[in-house]
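Have the model open beside you as you read. This short report walks through a sheet, a helix, a pocket and a few loop residues.

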Amino acid sequence: MSADTVEEKQGMPPNRYELIVNGREKVVHQKKQTYRDIAKLAYPDADFEKFQYTITYFKGEHDHKEGDLVEGESVNVKDGMVFNVRRSDKS
(Lines give C-alpha, C1' and ligand atoms only; values in the text may rest on other atoms or scores of the structure.)
Protein backbone atom coordinates (compact mmCIF):
# COMPACT_ATOMS: atom_id res chain seq x y z
CA MET A 1 0.00 0.00 0.00
CA SER A 2 1.45 3.41 -0.95
CA ALA A 3 2.03 6.17 1.60
CA ASP A 4 -0.58 8.31 -0.16
CA THR A 5 -3.18 5.56 0.25
CA VAL A 6 -2.41 5.18 3.97
CA GLU A 7 -2.74 8.95 4.48
CA GLU A 8 -6.02 9.06 2.61
CA LYS A 9 -7.45 6.24 4.73
CA GLN A 10 -6.38 8.06 7.90
CA GLY A 11 -8.15 11.22 6.75
CA MET A 12 -4.93 13.07 6.00
CA PRO A 13 -4.45 14.72 2.61
CA PRO A 14 -1.90 13.03 0.34
CA ASN A 15 1.50 14.67 -0.09
CA ARG A 16 1.41 17.51 -2.59
CA TYR A 17 4.39 19.43 -3.94
CA GLU A 18 3.96 22.32 -6.36
CA LEU A 19 6.95 22.63 -8.69
CA ILE A 20 7.77 24.97 -11.53
CA VAL A 21 9.00 23.03 -14.58
CA ASN A 22 10.00 25.06 -17.63
CA GLY A 23 7.92 27.95 -16.33
CA ARG A 24 4.77 25.90 -15.73
CA GLU A 25 3.30 24.77 -12.44
CA LYS A 26 3.28 21.00 -11.96
CA VAL A 27 2.06 19.00 -8.97
CA VAL A 28 3.68 15.79 -7.76
CA HIS A 29 2.76 13.59 -4.82
CA GLN A 30 6.08 11.92 -4.04
CA LYS A 31 8.87 13.81 -2.28
CA LYS A 32 11.60 11.89 -4.10
CA GLN A 33 11.64 12.57 -7.86
CA THR A 34 14.00 10.93 -10.32
CA TYR A 35 15.67 12.33 -13.41
CA ARG A 36 13.10 10.51 -15.52
CA ASP A 37 10.16 11.75 -13.42
CA ILE A 38 11.22 15.37 -13.93
CA ALA A 39 11.94 14.88 -17.65
CA LYS A 40 8.42 13.46 -18.08
CA LEU A 41 6.90 16.48 -16.32
CA ALA A 42 8.55 18.72 -18.92
CA TYR A 43 8.05 16.36 -21.86
CA PRO A 44 5.18 13.90 -21.30
CA ASP A 45 6.31 12.09 -24.48
CA ALA A 46 9.89 11.75 -23.17
CA ASP A 47 11.87 9.22 -25.20
CA PHE A 48 15.06 8.27 -23.38
CA GLU A 49 16.37 6.24 -26.33
CA LYS A 50 16.29 9.15 -28.81
CA PHE A 51 16.85 12.17 -26.56
CA GLN A 52 19.06 13.35 -23.76
CA TYR A 53 17.61 15.66 -21.11
CA THR A 54 19.58 18.34 -19.32
CA ILE A 55 17.96 19.14 -15.98
CA THR A 56 18.95 21.94 -13.63
CA TYR A 57 17.15 23.00 -10.50
CA PHE A 58 17.14 25.66 -7.82
CA LYS A 59 15.22 26.59 -4.67
CA GLY A 60 15.81 23.05 -3.41
CA GLU A 61 16.14 21.71 0.11
CA HIS A 62 18.89 22.37 2.64
CA ASP A 63 22.31 21.51 1.21
CA HIS A 64 20.84 20.78 -2.26
CA LYS A 65 19.50 24.25 -3.03
CA GLU A 66 20.62 24.08 -6.66
CA GLY A 67 22.25 21.62 -9.01
CA ASP A 68 21.99 19.29 -11.95
CA LEU A 69 20.04 16.07 -12.17
CA VAL A 70 21.43 13.30 -14.37
CA GLU A 71 20.27 9.82 -15.38
CA GLY A 72 20.13 7.54 -12.35
CA GLU A 73 19.86 10.37 -9.81
CA SER A 74 16.95 11.65 -7.77
CA VAL A 75 16.23 14.69 -5.64
CA ASN A 76 13.89 15.47 -2.76
CA VAL A 77 11.52 18.23 -3.83
CA LYS A 78 9.75 21.00 -1.96
CA ASP A 79 7.04 23.51 -2.82
CA GLY A 80 8.25 26.22 -5.18
CA MET A 81 11.26 24.27 -6.43
CA VAL A 82 12.18 25.26 -9.99
CA PHE A 83 13.38 22.90 -12.74
CA ASN A 84 14.65 23.78 -16.19
CA VAL A 85 14.63 20.85 -18.62
CA ARG A 86 16.12 20.90 -22.11
CA ARG A 87 15.86 18.09 -24.64
CA SER A 88 18.49 17.38 -27.29
CA ASP A 89 19.14 14.61 -29.81
CA LYS A 90 21.57 11.92 -28.74
CA SER A 91 23.32 12.05 -32.11
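This is a predicted model: local features need pLDDT of at least 70, side-chain atom pairs count only at pLDDT 80 or more; totals for chains, interfaces and linings use all residues.

Residues are numbered from 1 along each chain as its sequence is written, and side-chain values use heavy atoms, with hydrogens and water left out.

**The sheet**

Five strands make an open sheet in the order β2-β1-β7-β4-β5, and the pairing is mixed. Strands here are DSSP runs of E of at least two residues, and helices are runs of H or I of at least four, both numbered from the N terminus. Two strands count as paired if DSSP finds at least two bridges between them. At the edges sit β2 (24-28) and β5 (66-69), each of which pairs on one side only. From one strand to the next, the twist averages 30°; axes are lines fitted to C-alpha atoms, for helices over the stretch in contact, and angles run from 0 to 180 degrees between N-to-C directions.

As background, strands of a sheet pair through backbone hydrogen bonds, either parallel or antiparallel.

| Strands | Sense | Bridges | A facing pair |
|---|---|---|---|
| β1 and β2 | antiparallel | five | Y17 and V28 |
| β1 and β7 | parallel | two | V21 and F83 |
| β4 and β7 | antiparallel | eight | F51 and D89 |

Strand β1 covers residues 17-21 and β7 covers residues 82-89. β1 and β2 form a hairpin with two residues between them, and N22 in that turn has a positive phi of about 50°.

**The helix on the sheet**

Helix α2 (residues 35-42) packs on the sheet and touches β1, β2, β4 (51-58), β5 and β7. Contact means heavy atoms within 4.5 Å. The direction of α2 makes about 95° with that of β4.

**From β4 to β5**

The loop between β4 and β5 holds K59 and also H62. Phi of K59 is near 65°, a positive value in a residue other than glycine. H62 is another such residue, with phi near 35°. The relative accessible area of H62 is 63%, so H62 is exposed; exposed means over 50%, buried under 20%, and partly exposed in between, with a 1.4 Å probe and protein chains only.

E66 lies in strand β5. With a relative accessible area of 64%, E66 is exposed. Leaving aside residues up to four places away in sequence, E66 touches Y57 and F58. E66 and V82 are 16 residues apart in sequence, and their C-alpha atoms are 9.1 Å apart in space.

**The largest pocket**

The largest pocket holds about 170 Å³ of space. On a 1 Å grid over the protein atoms alone, a pocket is an open set of points with protein on both sides within 12 Å along at least five of seven lines, where a 1.4 Å probe fits; lining residues have an atom within 4 Å of a point. Points are joined across faces, edges and corners, and the volume is the space filled by probe spheres set on them.

Of the 13 lining residues, Y57, H64, S74, V75 and N76 lie nearest the centre of the pocket. The elements that give two or more residues to this lining are β5 and β6 (74-76), and β6 gives the most, with three.
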